[in-house]
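I opened this entry to note what I looked up, in order. The structure comes next, then my notes.

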Amino acid sequence: MARYLAGRAAGVVLILFLVCLFTFIIFFTLSPDPAVMICGKTCTPERIDQIRDVLGLDEPFLAQFSGFLAGIFAGRDYGAGANLVHCAAPCLGYSFQTNQSVWDMVVERLPVSATVAIGAAVLWLFLGIVAGLLSAVKEGTWWDRTAMGLALGGSSIPNYVLALALQYVLVVELQVLPFPQAVPFSDGPALWFQSYLMPWLVLATGYACLYARLTRANVIDTLAENFMRTARSKGLSPALTMRRHALRPALTPIATIFGMDFAALLGGALITETVFGLNGVGKMAADSIAKNDQPVIMAVTLLAAFFVVIGNVVVDLVYTRLDPRVRITAR
Amino acid sequence: MSKLLVVEDLNVTFPTTRGPVDVVKDVSFTVGRDETVGIVGESGSGKSMTSLAIMGLLPEGATTRGSIRLDGAEVLGASARELRRLRGDRMSMIFQDPLSSLNPYYTVGLQIEELYRAHRGGSRAAAREVGLPDPERRARHYPHQFSGGQRQRIMIAMALVCSPSLLIADEPTTALDVTVQAQILRLLADLRGQSGMGMVFITHDLAVISSIATRVLVMRRGEQVEYGTAEQVFAEPRHDYTRMLLDSIPRIDDPLDEVSA
């Protein structure tokens, strides 16, 4: 087990390193000169040189890359002498746009993205699994057809369309909800709930539809298994047969997919956050890409990769608890 | 003494898009206490459907006619609750593929115990009766941790934990190696002898039937083509199909035919 974990940890570090490297290469070779961008319209050649010098932009690729990596683990200094700025570890640099510490930006915005992700996950798990289960049990009935028709439609609607439609109906026409904004929980649970409700609904819809279809398919497959015939031949109650023998095999694969989906969402729900103007990691990513804010783009890329990679490891570990046939063996 | 199981004019019909299809047609046979009746036939002959009809486990949509009486009580048309009470307690069934017939997510101990608990409450260890060494420890293991023969022993232990009066064995040895097959057959014969229960043994393998059954029912395309004592059926088959089945058994003294491409 310890050997397995060590192996997985090494894998995580390697993948994150490669993500860093490739993102860095892309910016180093493709993006316009950051110094010119930072300098803005009232710019002199002296000022550009100064910026290059402070950020180390005239150094070779390897020096810049190692400087970036060192900053994450040990912190780094920008400039020299009176202009010296120390960026404490974990240092992800400063935004070209706002001069804010990127790490501080991430710390500030991550809770918003996490709130969006967690609330949506609760909704879509509940709705998706209940609808899928009912459809499987009532396979072929009008309920099944209606639910699956809606699920197909629901998973086909783009999030931004759904977001704008909901916003128009609930905020503009009916005026039952305030305009969504990242209200902290400390401002009162009711206000907090109201302000996040629409993002949750929008984000959950697509996933709920997908999970309903997955759950239905898995349950129908499981009900046809030989061990279900055995369970029935044992004279167990229908409730026990369903709960114990059908649900666990049917829902275990859903847990895997959920782990991956949820991990990816922690890296920011780009469209939903942007449409609702929520200052989460997703909106930060969208803004930074629009403005070519390299340090921020590096940070959101790395953060998303981090969550996906960690999510993978967690899913694998949890799976060994869910399915007794899966055992960890160190390679 | 009344018969344990009486099947009279059993018909099973499935609705299909091309109209109803009869998968079992006018099948009648009896099983006495302390007796094994073999049902033989090729795939699709209706032998499994007959056994599922007895257990009340036919797929949804199937309709039945006729009569199935267990200890004088009618099984066909019994309520779901009554059937549940009978299944596992008064009549049990074991299946062809023991790996897929056991739930991979639960220990075999739990799967045996839940049956006993459903009918009697409480729990009871039963694994020692079927010749598994170290049953207490093995009960905590999962189905995939056993060999094929061991899994079928577990299925048998499960089926017999409530001491049913009827055991239906649906091709219980088909998926097993020949040597293991013989062990399982001997185990079934021994357990049946000790408990005095009746057994319905379903197979496509006439050699297996001859070693275990006292009476034989031969089925083809849902119809009963022959029914009699094992000696009778094997010594003087009255139907061409039975003769054909018997002739299909390879014999060690057969002259070898040329293999034609």
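How much helix and how much strand does the chain have over residues 12-30 of chain A, and how far apart are the end C-alpha atoms? I found 100% helix and 0% strand there, with the end C-alpha atoms 27 Å apart.

I am working with a predicted model, in which local features need pLDDT of at least 70, side-chain atom pairs count only at pLDDT 80 or more, and totals for chains, interfaces and linings use all residues. Residues are numbered from 1 along each chain as its sequence is written, while chains are lettered from A and ligands numbered from 1 in the order in which they are written.

Entry: annotation. I checked UniProt, where an unreviewed entry places "transmembrane region" at several spans of chain A, including 12-30 and 296-319. Positions there follow the numbering used here, feature names are shortened, and annotations may be inferred rather than shown by experiment. I then looked at residues 296-319 of chain A: the span is 100% helix and 0% strand, and its end C-alpha atoms lie 34 Å apart.

Entry: a helix pair. I took helices and strands as DSSP runs, numbered from the N terminus (helices H or I, at least four residues; strands E, at least two). H1 (residues 2-30) and H13 (residues 294-322) of chain A pack at about 155 degrees, with axes 10 Å apart. Axes are lines fitted to C-alpha atoms, for helices over the stretch in contact, and angles run from 0 to 180 degrees between N-to-C directions. H1(A) and H13(A) are therefore roughly antiparallel (over 145 degrees; under 35 is roughly parallel, 65 to 115 roughly perpendicular, the rest oblique).

Which residues meet? Among them are Val12(A), Leu16(A) and Phe27(A) in H1(A), and Met298(A), Leu302(A) and Val313(A) in H13(A). Contact means C-beta atoms, placed from the backbone, within 7 Å. By class, I noted 13 nonpolar, three polar and one charged residues in this contact. Ala, Val, Leu, Ile, Met, Phe, Trp, Tyr, Cys and Pro count as nonpolar, Asp, Glu, Lys and Arg as charged, and the others, Gly among them, as polar.

Entry: chain B. The contact takes 16 residues from chain A and 22 from chain B. H9(A) gives the most to the chain A side, with six residues. That side has four nonpolar, five polar and seven charged residues.

Entry: domains. Chain A is divided into domain 1 (16-102) and domain 2 (105-326), with bounds from an automatic or database domain assignment. Their centres, taken over C-alpha atoms, are 37 Å apart.

Key:
Two residues are in contact if their C-beta atoms, placed from the backbone, lie within 7 Å.
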